[in-house]
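User: Hi! Could you walk me through this one?
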Amino acid sequence: MPELRGVGIGLGVAQGPVARMAAPLPPPPDERSTRSVEEETARVREAVSAVARELEERGEKAGGKAQDVLEAQAMMAEDPTLEQEVDDRIAKGKTSEFAVYDAFASFREQLTALGGYLGERAADLDDVAQRVIARLRGLPAPGVPDPGHPFVLVAKDLAPADTALLDLEKVLALVTTEGGPTSHTAILAREKAIVAVVGVADAAGLEEGETVIVDAAAGVVVTEPTDDELARAKNRADSRAAAASAPITPGALRDGTEIPLLVNLGNAEGAAEAVALGAEGVGLFRTEFLFLSSSQAPTVEQQRAVYEKLLAAFAGKKVVVRVLDAGADKPLPFLNDAHEENPALGLRGLRALRASEDILREQLTALAEADAATRAAGKGADLWVMAPMVATVEETEYFTKIAREYGVKTAGVMVEVPSSALLADRILAVADFASIGTNDLTQYTMAADRLLGSVATFQDPWHPAVLRLVREVGEAGRAHGKPVGICGEAAADPMLAVVLVGLGATSLSMAPTALADVRATLLQYTLGEARAIAEAALAANDAASARAAAQAAASTSSTAAEAAATREKETEQ
Amino acid sequence: MPQVSRTVRIGSSHGLHARPAKLFAQAAKDTGIPITIAKDSGAPVNAASILGVISLGVEQGDYVTLTADGDDAEAALDTLSELLTTDHDAE
């Protein structure tokens, strides 16, 4: 089973025959036709009419908005104005190919010049021109293929215009040779939950019609799969489909260990959607939006109204609010307007709040008042408050003391700096809980600015150095019997979520859309297996091999689990 | 043969772009007689040409003038005028 490597989007697996997206045709040369004008005209009429009929047929099949677009394209192909332009060029002795190319190009320029929506129609024109020229040359039409059966689409990368016409019923999976996790293809795949592996450079060698397995979870495309491999892939796809339609249950491992699944929110508006997707509470409520773009801090009353709305939306559930995290990439003029050479290493997070303690005290006042008001109304939530960017035990003492002054029952700290991870045992002796912000923790561990593209490869929470720090916090939490949450991109990566739990995380907080996949993945492993998977990742030298080691360990445990399930079934019978 | 002209105000909230342009050009073609459309005092283009129609860049509220020749010109322009004054995006 030869494997082609890429970056998997999501966790799905699919199989089917390859259909390639034909590459765009090079512009035809401007040369004299060896045919007569009549011959060239007849050729062009035939090609244009064939393309128009094909577009109409595809439109009829597609229906809806796509039908309108395709029918408009069919009309463009047979447009009388364009026909005149093409005929004029053929009359001057040009080839059909060049006449079509040149006539369409002149219209394209007109549309582009009009700009906006009309400029976008230029792409439709290009597509028609390419189709007519391909037909004249006897080549397959460029763009999304239509082999008449479901297929695995292999392309360089998908343009927005391609994806608009993509028949999702027919596309089993997407494989691209170019593009990364933020490419248009990846975005489409996430949005539509299509199995995809992007950036598979070697996919250029895949043959039309050959059967492949596209395994997004492993980030590979398996060529020449055996029957056994195909059957296993189908089983996985089936059980994933079952998981997606499974009822929403509280987050837990296979052995019943509860791992509450929480959400990260930036404002109270997203609450209803998050609850519908099964959020068991809020793991990170960012309060920055209340402060950003203001020239002065919001009043206690303004803040209280927002907090009340949030707490009421999650009545009876846990809500972790982070006090203002400003500085570095989120500058606030009223908090700190001093120029800093390295703001990420400057007066930010809790440091900035300490320098303007009145802002912290006002925020705690508003939170305490909102908590009291919602409780009085019978809509109280379990309010936890935490401080951002805590680097020392002394800062932990400072924050928990001040929070308790305002009656905050559960006061914790965010572990985003290696120092606080390494001293987690002392910090958790003081704080009620820790929440690990994996994005910042990675940035500070790897000394790589998370906003800087040139060092983006360092920004990977799978790095064993980051995982070791998480383990420190997890062990400290276990020793003190205190919760350790994870908030950040890492918790939304299902396999990494298993590793984090194995390292001692007791709750996970993520974007609401990630809940279903993480929930389903956690259910596949016991705590013992999660620990073994985490050990495998820790033993690696770098992020990529940590990911691979975790996947290998995970597939061993799931094979063992499958075998156990089979034995159980056999015993029953 | 009498030449008939009519000036109408565009009702479609997206002007004469993709779908409305397609519907209009198709209808103009279906009449089987030569019809032109011009925006304000601009040069007339073939109304059966979707590209010609799109390239006029007609927006909602713009005035366009239709011109047709032939016996059925009146009836054809009635149909097309109604099409142009309807907001197809509101359907």
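Analyst: Happy to. Keep in mind that this is a predicted model.

User: Nice. Which residues make the contact there?
Analyst: From α1(A) they are Glu40(A), Arg43(A) and Val44(A), and α4(A) brings Ser96(A), Glu97(A) and Val100(A). By type, that set splits into three charged, two nonpolar and one polar.

User: And at what angle do the axes cross?
Analyst: Roughly 60°, with the axes coming within 9 Å. Helix α1 covers residues 37–62 of chain A and helix α4 covers residues 96–114. The two helices are therefore oblique to each other.

User: Switching to the interface: how many residues does each chain put into the contact?
Analyst: Chain A gives 17 residues and chain B gives 15. About 1500 Å² is buried between the chains, and carbon and sulfur atoms account for 71% of that area.

User: How many salt bridges are there between chain B and chain A?
Analyst: The count is one. Glu71(A) pairs with Lys22(B), and their closest N and O atoms are 2.7 Å apart.

User: What about the total over all chains?
Analyst: The structure holds 38 salt bridges over all chains. One of them joins the side chains of Arg89(A) and Glu85(A), at 3.0 Å from N to O.

User: Where do Arg89(A) and Glu85(A) lie?
Analyst: Both are in helix α3 of chain A, residues 80–91. They sit four residues apart, which is about one turn of the helix.

Notes: Residues numbered from 1 in each chain as written. Chains lettered and ligands numbered in written order. Predicted model: local features only at pLDDT ≥ 70, side-chain atom pairs only at ≥ 80, totals over all residues. Heavy atoms only, no water. Axes fitted to C-alpha atoms, helices over the stretch in contact; angles between N-to-C directions. Parallel < 35°, antiparallel > 145°, perpendicular 65-115°, else oblique. Contact = heavy atoms within 4.5 Å. Nonpolar A, V, L, I, M, F, W, Y, C, P; charged D, E, K, R; others polar. Buried area = accessible area lost by both parts, 1.4 Å probe. Salt bridge = Lys/Arg side-chain N within 4 Å of Asp/Glu carboxyl O.
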